[in-house]
Amino acid sequence: MNTRIRQAREADVAAILDITNHEILHSTVLYEYEPRSLETQMEWFHDKLAQGWPVLVAEVDETVVGFGTYGTFRQRIAYRFSVEHSVYVHKGHRGKSIGNALMVELICQARANGFHTMIAGIDSSNMGSVAFHRKFGFEVVGTFKEVGFKFDRWLDVLFMQLILRP
Ligand SMILES: CC(C)(COP(=O)(O)OP(=O)(O)OC[C@H]1O[C@@H](n2cnc3c(N)ncnc32)[C@H](O)[C@@H]1OP(=O)(O)O)[C@@H](O)C(=O)NCCC(=O)NCCS
């Protein structure tokens, strides 16, 4: 299997949308209720690019099977060396090191761009993502209780953090 990680293009946004909407509809990975439209996802993509944030895709046999990005953690200026990231792999392609390849490249780019720390907000039931992040040295730094509500239940979100050493 040949996995290629590259910067996303407009033509990839439909595949990114499919992966995103699957999680919105079937999981608590994303704290959203309604599937996004292609137009909304395209705006998200262009906003990311306009702000200089990476949107990476993982391609297997010329099919986009995952994506990863990072962006603003919090708006105020003193947070400028911190980024919040996310990585998503299509359900049918998990466990094949695709998330790994995306995460390695995101960490590499964050470090190269002078960021100091990366943060992931993860639904506390998503133990797969917690295990995944631990592989890269992320540590759980705290949990907010009952800050989300989806599928008729309260959701806790935990934050994991990696300090990027030069
Ligand atoms: C989390 C996610 C990105 C992992 O992607 P993946 O391609 O399946 O992961 P990989 O095959 O690259 O695994 C990388 C490492 O993480 C570990 N890992 C991945 N998923 C795991 C799981 N569900 N349980 C335990 N460990 C897991 C693997 O064992 C592997 O470790 P190894 O290098 O020692 O073998 C993927 O499951 C996903 O998209 N989940 C839904 C979206 C999500 O939760 N994103 C994270 C929110 S920021």
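This is a predicted model: local features need pLDDT of at least 70, side-chain atom pairs count only at pLDDT 80 or more; totals for chains, interfaces and linings use all residues.
Colleague: What is the make-up of the protein chain in helices and strands, and what pattern do they follow along the sequence?

Modeller: The protein chain has 4 helices and 7 strands, and when they are read along the sequence they give the pattern β-α-α-β-β-β-α-β-α-β-β.

Colleague: How do you know that the radius of gyration of the protein chain agrees with that of a compact globule?

Modeller: The rule for a globule is 2.2 Å times the number of residues to the power 0.38, and for 166 residues this comes to near 15 Å; the protein chain has 15 Å, so the value agrees with the rule. Along its principal axes, the C-alpha trace spans about 45 × 40 × 30 Å.

Colleague: What share of the residues counts as buried, and what makes a residue count that way?

Modeller: A residue is buried if 20 or more other C-beta atoms lie within 10 Å of its own, and of the 166 residues of the protein chain 23% count as buried.

Colleague: Why is Ala-101 called partly exposed?

Modeller: Ala-101, which is found in helix 3, has 19 other C-beta atoms within 10 Å. Leaving aside residues up to four places away in sequence, Ala-101 touches Thr-3, Ile-5 and Ala-58.

Colleague: Why is Leu-25 called exposed?

Modeller: Leu-25 lies in helix 1, residues 13-26, and has 12 C-beta neighbours inside 10 Å. A residue is exposed if the number is 12 or fewer, so Leu-25 counts as exposed. The C-alpha atoms of Leu-25 and Phe-159 are 134 residues apart along the chain and separated by 23 Å.

Colleague: What makes the phi of Glu-62 and the phi of Asp-152 worth a remark?

Modeller: Most residues other than glycine have a negative phi. Glu-62 has a positive phi of about 65° although it is not a glycine, and Asp-152 likewise has a positive phi of about 65° without being a glycine. Glu-62 sits in the loop between strand 2 and strand 3, whereas Asp-152 sits in the loop between strand 6 and strand 7. With 7 other C-beta atoms within 10 Å, Glu-62 is exposed, and Asp-152 is exposed with 5. In the hairpin of strand 6 and strand 7, which has 2 residues between the strands, Phe-151 also takes a positive phi, near 50°.

Colleague: In what order do the strands form the sheet, and why do strand 1 and strand 6 stand at the edges?

Modeller: The 7 strands form an open sheet in the order 1-2-3-4-5-7-6, and the pairing is mixed. Strand 1 (3-7) and strand 6 each have a single partner strand, so one side of each is left without a neighbour in the sheet, and these two stand at the edges. From one strand to the next, the twist averages 25°.

Colleague: How do you know that strand 5 and strand 7 pair?

Modeller: Two strands pair if at least two bridges are found between them, and strand 5 and strand 7 (residues 153-163) have 7 bridges in the antiparallel sense, so they pair. Ile-122 stands opposite Leu-158 in strand 7. Strand 7 is also joined to strand 6 (residues 139-150), with 8 bridges, and these strands run antiparallel; here Leu-158 is the bridge partner of Thr-143. Strand 4 and strand 5, in turn, run parallel and are joined by 3 bridges, with Val-83 having Met-118 in strand 5 as its bridge partner.

Colleague: Which strands does helix 3 lie across?

Modeller: Helix 3 lies across strand 1, strand 2 (55-60), strand 3 (63-72), strand 4 and strand 5, and runs at about 30° to strand 3.

Colleague: What surrounds the ligand, and which elements supply at least two residues of the shell?

Modeller: The ligand is surrounded by 21 residues, the closest being Arg-94, Gly-99, Asn-100, Gly-128 and Ala-131. Strand 4 (82-89), helix 3 (98-112), strand 5 (117-123) and helix 4 (127-134) each supply at least two residues of the shell. By kind, the shell divides into 9 nonpolar, 8 polar and 4 charged residues.

Terms used. Residues are numbered from 1 along each chain as its sequence is written. A residue is near a molecule or strand if its C-beta atom, placed from the backbone, lies within 6 Å of it. Ala, Val, Leu, Ile, Met, Phe, Trp, Tyr, Cys and Pro count as nonpolar, Asp, Glu, Lys and Arg as charged, and the others, Gly among them, as polar. Axes are lines fitted to C-alpha atoms, for helices over the stretch in contact, and angles run from 0 to 180 degrees between N-to-C directions. Two residues are in contact if their C-beta atoms, placed from the backbone, lie within 7 Å.
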